[in-house]
Amino acid sequence: MERRRSNDNVALSQPNYREPEQSNPDFELDPRNARRLIRAAEKTLPPAIVKADASSGSYRRQDIKVGKVLGIGGFGHVSEVLSMKGSNDMLVMKTLVPHKNAEHALFACHHIAMEKYILSQLDHPNIIRLRGSNKGGLSAIAETARMDACFLLLDRLPETLSDRIEHWQRQQAKPKRRRSFTQSLSALVISRKSFAQDPDIFREKLGIMIQIASALEHLHSKRIILRDLKPDNVGFDMKERRVVKLFDFGMAEPLPENVDLEKTHDLAGRVGTTRYMATEVLREEPYNVKADVFSFSLVVWEILTLERPHERSSPDASVFGERPKIPKEWPSALKRILQRGWSDDLETRPSMIEFRLVLEDLKRQADEESDEEL
Ligand SMILES: Nc1ncnc2c1ncn2[C@@H]1O[C@H](COP(=O)(O)OP(=O)(O)OP(=O)(O)O)[C@@H](O)[C@H]1O
């Protein structure tokens, strides 16, 4: 995974945020600015996160040898780990890079501290695992006056869902191999039942959607809103390429223990990526975990059609009532759950459990149809 498919606008609270683009940055900071930055970060982050950040982590930067940069995000760099004391796993190191704008640098610090805090609470087969972090968290930046003194160690993911979608697009464009008459006939029967999709790819897609749903269900059970679900943030396992790993939790929002999950909350608006953002988040209205259900519905539609939502209009088209077109041959259960999933009305939107059950039912039917054809 070494590139990004799109330069979709990643919105923070401020619309003109730009990504750091240097592939070989100078990580050094002026020591006074470094101390000022970390003081500001500690003042503005929730106290529980500051406490967890300071007490976690045990790795020293000098014990880890990193290789090439694999990806540049809005907040920092992800590089391959070449060697590290005590581990032979294929890992990556996520670090921050200096930002010219002080406010952006502060956002970057929030992003990495939040990602660490959230990942350290999660244990799910479809969520990337945090394998380690630097000793002292953000305070290491103030101590060393280097932005890369603060880092996360994560499993290396070879591919994202965006890459997989491009792969399916290429396969779809390929001329079909000539088949025997009986093969063509049975393929036709399956593809009618699987609404004109290649039956094997259709089942693979359902498997992927179910795993994403299960990861979101786990997050919601931990009172966390992901807020940035999109194909660029869904990866696949290094060894088992059918296993999904959700990653990039820097935009996630943990809700306090005492709040009612059914109710909406006054949270920062326009957080995430505009194209996949729920309408209430775009409108800067109160929201809850159902914001992820909206984004998930758009991702499901994208997986099945291989088209990006609102590609021919503007990325914020949802806020003007626009929704992707659902092909009429799709099963009615799928049509219904998608329409509910991207509804403006939060009570109409299903929970991730309900969504997963519908997808599992479709997968069962597709598996049975494929067994019948053998
Ligand atoms: N675990 C990983 N294995 C391999 N490559 C990765 C991994 N995590 C991230 N990357 C690469 O690095 C890029 C940036 O990572 P990530 O999205 O986590 O950073 P970010 O600063 O949070 O970015 P964003 O602007 O998307 O929020 C990704 O687009 C991807 O190409």
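A polar side-chain atom of K94 lies 2.8 Å from an oxygen atom of the ligand, where a polar contact is a pair of N or O atoms within 3.5 Å. The model is predicted, so that local features need pLDDT of at least 70 and side-chain atom pairs count only at pLDDT 80 or more, while totals for chains, interfaces and linings use all residues. Residues are numbered from 1 along each chain as its sequence is written, and side-chain values use heavy atoms, with hydrogens and water left out.

**Exercise 1.** Find which strand gives the most residues to the shell around the ligand.

*Solution.* Start with the strands (DSSP runs of E, at least two residues, numbered from the N terminus): β2 (64–72), β3 (76–84) and β4 (91–96) each supply at least two residues of the shell. Of the strands, β2 gives the most, with 3 residues.

**Exercise 2.** Describe how domain 1 and domain 2 are placed and joined.

*Solution.* First take the bounds, which come from an automatic or database domain assignment: domain 1 is 31–155 and domain 2 is 159–172 + 190–372. Next, their C-alpha centres lie 28 Å apart. Finally, counting contact as heavy atoms within 4.5 Å, 17 residues of domain 1 touch 20 residues of domain 2.

Key:
A polar contact is a pair of N or O atoms within 3.5 Å; within protein, one must be able to donate a hydrogen and the other to accept it, and residues adjacent in sequence count only if both atoms are side-chain atoms. Helices (H or I, at least four residues) and strands (E, at least two) are DSSP runs, numbered from the N terminus.
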